[in-house]
Amino acid sequence: MSTHPLTMSASKTDDQSAFFWRKLHSLSGIVPVGVFLAEHFWSNSYVLVSPEKYDAVGQELQTLPFRPIIEAAGIWLPILFHAGYGFYIWGKGKSNAFAYPWMHNWMYTLQRWSGLIAFLFIGWHVYTARFLTGGRSNFVTVHDDLSNNLYAAFYLVGVLAASFHLGNGIWNFLCKWGLAATTRAQRAAAYLGAAVAVSFTLAGILIVYSARYNFHPFARYIQQ
Amino acid sequence: MREPKIIVVGGGLAGLMAVIRAAEAGVPVDLFSIVPVKRSHSVCAQGGINAAKNLKGEGDSTDRHFDDTVYGGDFLANQGPVKRMCEAAPGIIDMLDRMGVMFNRTAEGLLDFRRFGGTLFHRTAFAGATTGQQMLYALDEQVRRFESERKVKKYEGWTFLSAVLDDHRVCRGICAMDLKTMEVRTFPADAAIFCTGGIGAVFGRSTNSVVCTGSAQSALFQQGANYANAEFIQVHPTAIPGEDKCRLMSESARGEGGRVWVPRKPGDKRPAKQIPEAERFYFLEEWYPKYGNLVPRDIATRAIHKVVYTQKMGLEGAPAVYLDVSHIPRETLDRKLEGILEIYEKFLGVDPREHPMRVFPAMHYTMGGLWIDNTNQATNVSGIYAAGECEYQYHGANRLGANSLVSCIYGGMVAAPAAIRYAGGLDKGCESVPTIVYENERRRQEQINDTMLHAEGTENPVTIWKEMGDWMTEHVTVVRNNPDLERTDAKLQELADRFKKINLSDRTSWANQTLSFCRELQNMLVLARCITRGALARNESRGAHYKPDFPDRNDAEWLKTTRAHYDCGTIKFTYEPVDTSTIPPRARRYDAKA
Amino acid sequence: MDTAAPGGGNSGRKVVVRVKRRPDTREEPRWEEFALDWRPHMNIIICLRDIAERPVTRDGHATTPVSYEASCLEEVCGACAMLINGVSRQACSTLVDSLEQPIRIEPLTKFPVVRDLVVDRSIMFENLKRMKCWVPLDGTYDLGPGPRISPEVQEKYYPLARCITCGNCLEVCPQVNENSDFVGAAILSQVRLFNAHPTGAMHMKERLAAVMGPGGVADCANAQNCVEVCPKQIPLTESIAEVNRQAIREAVFGWLLG
Ligand SMILES: Cc1cc2nc3c(=O)[nH]c(=O)nc-3n(C[C@H](O)[C@H](O)[C@H](O)COP(=O)(O)OP(=O)(O)OC[C@H]3O[C@@H](n4cnc5c(N)ncnc54)[C@H](O)[C@@H]3O)c2cc1C
Ligand code: SF4
Ligand code: FES
């Protein structure tokens, strides 16, 4: 008769590994991936001061001791895990935002697509900014890249996707770790997430704009 | 000693309690129910459950509870069992409390109690306005625990068809049908406990769930079990009339201060809110100053009938009166009555916190049911026990609100140990019964299915059912006249004849609901006659049974239990004395000041 | 009057209903359309009953009555959940006048269909068993009153106890589907309820162990559709977050402190 999977899942051993991985996945999006994203936006925002400052900060970061290890453990592996497990989770869900178009349901769907876009963008970004430049990315190369309209557009899409994914991810994290348990706390968490998403988006747009148009609003900081 | 084998049919409060008691005793139980037990009709019980815990300093006692119950039932209930039930009630509440029923609480964290009809005490424990649901779930959870320990096996989605009786008319198991595969199968057992609930569907539209057909009781009746006090049918005074069902507006609405009224001027067209106090006729409060809106149900129902039909004061001429809670603070209503007010709002789109509700009486409960003895919940057929609404024992001629839930639990508590004792005492258990006994019963039932499936008539079963319901509601509920009862009986025979010419619009053999409905309908028609004939015979007025031609209670002739026997298609009645050993019968009056 | 007599006195107005039929599990579903007489306060169950009384499609073909589940007709038994105009809800409390026509009626999609609108939701009961959703009781004999509970606590948890196991919350959950064994919001909310009860809490560890297992609380991905459809307005997302909190605490501290 029926081979519907829902009829078969009742008796299970208490294997808790999925719980561990899911919670780790949620956490990894905040720490370290989210933190890295914040750091990355921060160091890039030096472009708003001046190209020289931007290059100096870049230089600073590239000369961190144990850099490859720090990068691998703190950035690349977590991102790969977060993305990989994220795709696995995506595969287990079935979006129904058109049938039930409530806000959080749209967020659920957008979280998946924004994750995919952000991941593709990061891959491309690393490829162009790291490998094509042989690790010597600086203001000039970035400026050249962003002068290309397609490049700039893709940057904006990537920034938007990453910002949304992080903001919504913060809300998700607070709920899923039970830190925002009441409806009121969850609403506050949603505002926090939204604030993060909007701030990151604005900052990102500003950085892209700055690098493309040689616009350095904080240049006067240096003259003082 | 061999291990007894027990079957429980019905997973409402009574059935689940019986299962728990059997499982606790270490006896394996098979539990049968049409619906998943968590969806049983008991979920509908709203108002609460009675127990004289006396937590309000009113001097309540189990004796007072006992007296109220017997008096409320117009002395037709056997006093021994009622007394034991009332004494067990406080312990039952404690047990439910320990099971996690979310009863409402006082500031001190104790159980809160409200007032209900037919008593002057705060005696009704309640969980919001969904007490039955909360209780059923608590029992369901305990049964689930036993199920996970493999002490209980559930057959949900099975309908009981008949008992398997051996040559000595002793019950040796049951015959049931899987409502999905339509497979008919027999299940051997040493004893079977029936907890199959109410019979609302016999009256078409009632406050009951649609699964309350009384089909199982009727099937047993036709196999030789006696059916007692069938004529005592409770009509609840306040229900929301509806085409599919009359949704109950619980007595708790009045327990929390709700008032029943009509405009003093018949046909007054003004919206209720614009009618000043002085122009409102609070007829229950005027006629029954002591109990007011909380007179017992039969009294309130007849009062509403009188106001509507005799005094022609129904709302805008229609059969309806106001049940008004709009003067009670919103916050209190939401805390104590949310569940039921929500029903009104959902189904009629009007907020009862603002506007008085329009209500009218509707068939609600059967006091009558399978005859059982006074100590063991045993029917007259060896091996068959009954508990809950499907038996007749605890409510006499009229049930007091919030007493049914107690009687269900108590009945289940008594039935299971009694059945186990009986089964343990058998010389030979069901395993020694020749398989041919089971085979024959199965074949007989399959034969009935085949006949129905292949009937080439013209009658639609749904139409027959509706006609039966309309007749029963019109003539065999609030007011009964012998000529009408005669006509109804003739009508029921006509319907039974027409039933022979049915045509099933569904002849498939997979999840065929039409077939199972037809089987129920056939049984309902028998039960309907049992009720009608019982009412016809009883020439007096007592509790819910009211005949204007015989307006008084007649203890000399009729202080008797009606016992119906089924014999090859005819229904015969015998009468037996009522146990009145403790409280001598006295006149039942709620209008007096005393 | 509050109700019109069935069949009689109709205004000529029609209700057009399309039902997704499936005679059994082997056959493919098909749609049938019916035109019924409109009456005031009509709900979906009344429509299905009308069809049962006269099982003839709109274009005059004789058919079988529609199989469906319903019992209480007052939204407290949970039996009658189905998709009505694409939304998962209880048929008995869905009024025809609140719907766009033609009204589309389909069985729930997250549970195996038995026939027509009847689906098998036994998995929910099985999961209640798996999550040990009960208060452990020594016995039903008289052991005196239960634990004292403050009115505040009662008022907080009583709403959770009103879950009617209808399955609407599972039906709309994107995480509940044939690729996953997520138990769904209803069950997690029950876990919270029993963890909150003073005696129920004595089984908290076992319940949390189950909840941290396959199909447990971690499978919730926060789409929060469940609260939108729950007919009993149960604060399901609070329940899930609370169970998450308990599970995390158990995972972190249980591991650190034993
Ligand atoms: C709207 C409403 C409100 C009420 N409120 C209150 C109240 O506040 N207080 C109070 O004390 N009482 C109240 N009552 C009365 C009370 O709810 C019922 O009398 C009581 O719940 C009956 O319980 P039960 O266990 O006997 O049967 P039910 O709960 O009706 O269970 C019957 C069981 O038998 C099964 N069954 C039936 N037929 C078959 C068959 N042929 N084969 C297999 N299984 C079968 C069903 O599936 C079900 O599991 C109310 C009743 C109604 C209608
Ligand atoms: S939580 Fe709500 S939607 Fe889910 S099963 Fe319970 S009552 Fe239905
Ligand atoms: S029939 Fe019980 S919820 Fe609809």
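Here are a few notes on the model, point by point.

1. First, a reminder that we are looking at a predicted model. Everything below should be read with that in mind.

2. Going from the N terminus, the order is simply α-α-α-α-α-α-α-α. Along the principal axes, its C-alpha atoms fill a box of roughly 75 × 35 × 35 Å.

3. Two spots in the backbone of chain A deserve a look. The peptide bond between Val31(A) and Pro32(A) is cis, with omega near 5°, and Pro32(A) belongs to helix H1, which covers residues 17-44 of chain A. Then there is Phe66(A): not a glycine, yet its phi is positive at about 55°. Phe66(A) sits in the loop that links helix H2 (51-62) to helix H3 (67-92) of chain A.

4. Pro32(A), by contrast, is found in a helix.

5. How is chain C divided? The assignment gives domain 1 (14-119) and domain 2 (122-257). Taken over C-alpha atoms, the centres of domain 1 and domain 2 of chain C are 31 Å apart.

6. On the contact between those two parts of chain C: 13 residues of domain 1 of chain C touch 15 residues of domain 2 of chain C. About 1100 Å² is buried between domain 1 and domain 2 of chain C, with 53% of that on carbon and sulfur atoms. One salt bridge turns up across this domain interface of chain C. In chain C, Glu75(C) also forms a salt bridge with Lys232(C), where the closest N and O atoms are 3.3 Å apart.

7. Now chain C against chain B. How many residues of chain C are in contact with chain B? The count is 77 residues of chain C, meeting 77 residues of chain B. The buried area between chain C and chain B comes to about 6600 Å², and carbon and sulfur atoms give 52% of it.

8. The interface of chain C and chain B carries nine salt bridges by the rule used. Glu243(B) and Arg39(C) form a salt bridge, and their closest N and O atoms are 2.3 Å apart. That is a pair I would look at on screen.

9. Which helices supply at least two residues each to the lining of the second largest cavity? They come from two chains: helix H6 (149-176) of chain A, plus helix H7 (225-229) and helix H8 (236-257) of chain C. H8(C) gives the largest share of that lining, at four residues. By class, the lining of the second largest cavity has twelve nonpolar residues, eight polar and one charged.

Note on methods
Residues are numbered from 1 along each chain as its sequence is written. Chains are lettered from A and ligands numbered from 1 in the order in which they are written. This is a predicted model: local features need pLDDT of at least 70, side-chain atom pairs count only at pLDDT 80 or more; totals for chains, interfaces and linings use all residues. Side-chain values use heavy atoms; hydrogens and water are left out. Ala, Val, Leu, Ile, Met, Phe, Trp, Tyr, Cys and Pro count as nonpolar, Asp, Glu, Lys and Arg as charged, and the others, Gly among them, as polar. Domain bounds come from an automatic or database domain assignment. Contact means heavy atoms within 4.5 Å. Buried area is the accessible area (1.4 Å probe) that two parts lose on being put together, summed over both. A salt bridge is a side-chain nitrogen of Lys or Arg within 4 Å of a carboxyl oxygen of Asp or Glu.
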